[in-house]
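Biologist: I have a new structure open and would like to go through it with you. Could we start with the aromatic rings?
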Amino acid sequence: MDSAYSDVAIAGDPLALPHLLPPVPQHPGTVAEFAGLARSVAADRARWAPLVRYDATTRWYARLQTGPGYEVWLLSWLPGQGSGLHDHGGSSGVLTLLDGSLRERALTARGETGRALSPGDQRAFAPGYVHEVVNDSLEPAVSLHVYFPGLTEMTPYACTPAAHGRPAGAPTGH
């Protein structure tokens, strides 16, 4: 056999194969992969459960993990605590409920929607998604949030019917 057509001649040294492989991504690249990251962190209860704290004056939160282009946050919610209506600036995200129950209200082009969230439920959202999350149950709740890119801004929105879906402080018009 002619050595010009051998695997070594075509691909080079087989021990140096990594130069032929696609680069390993530095972070998940799809919504499904970010949701999978959230599920894997959620499944490791021994990692996150000892970190949970409850604060009667405000929602408690802690950054649990960072990676190139993303952050993972752990949040706790006592009964009655909520996020207020907001978006996440230029970040997309995945919310995963770990314990308890939460209610989400979202403003979409089709109007207002609402849903109850139970442990294991996930919500994915893109930049510009306007929603509010509230613990309207009698038990505490814990959630996990993955943001990509990392969360740098949250725009609060007015919750009154006259200002439905406008950033807080925006003119209401007549």
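Biologist: Which residues form one aromatic cluster here?
Modeller: Bearing in mind that this is a predicted model, the aromatic cluster is formed by Phe34, Tyr70 and Phe148.
Biologist: And how many aromatic pairs does the structure hold?
Modeller: The structure holds five aromatic pairs, and one of them is Phe34 with Tyr70, an edge-to-face pair at 5.9 Å centre to centre with 75° between the planes. That pair links distant parts of the chain, since Phe34 sits in helix α2 (residues 31–43) and Tyr70 in strand β2, 36 residues apart.
Biologist: Is Phe34 buried or exposed?
Modeller: Phe34 has 2% relative accessibility, which is under the 20% cut-off, so Phe34 counts as buried. Tyr70, at 10%, counts as buried because of the same cut-off.
Biologist: What about the pair of Phe34 and Phe148?
Modeller: Phe34 and Phe148 are stacked, with 3.7 Å centre to centre and 5° between the planes. This pair also links distant parts of the chain, with Phe34 in helix α2 and Phe148 in strand β8, 114 residues apart. Phe148 is buried too, with a relative accessible area of 15%.
Biologist: Changing topic, how much space lies in the largest pocket?
Modeller: The largest pocket has about 220 Å³ of space, and 16 residues line it, of which Arg59, Leu75, Tyr147, Leu151 and Met154 are the closest to its centre.
Biologist: Which element gives the largest share of that lining?
Modeller: Strand β2 does, with three residues, while β7 (130–134) and β8 (141–148) are also among the elements that give two or more.
Biologist: How do the lining residues divide into nonpolar, polar and charged?
Modeller: Ten are nonpolar, five are polar and one is charged.

Note on methods
Residues numbered from 1 in each chain as written. Predicted model: local features only at pLDDT ≥ 70, side-chain atom pairs only at ≥ 80, totals over all residues. Heavy atoms only, no water. 1 Å grid on protein atoms, 1.4 Å probe; cavity = no way out; pocket = protein on both sides within 12 Å on 5 of 7 lines; lining within 4 Å. Points joined across faces, edges and corners; volume = space filled by probe spheres on them. Helix = DSSP H or I, 4+ residues; strand = E, 2+ residues; numbered from the N terminus. Nonpolar A, V, L, I, M, F, W, Y, C, P; charged D, E, K, R; others polar. Phe/Tyr/Trp six-rings, centres within 6.5 Å; stacked < 30°, edge-to-face > 60°. Buried < 20%, exposed > 50% of the residue type's maximum accessible area, 1.4 Å probe, protein only.
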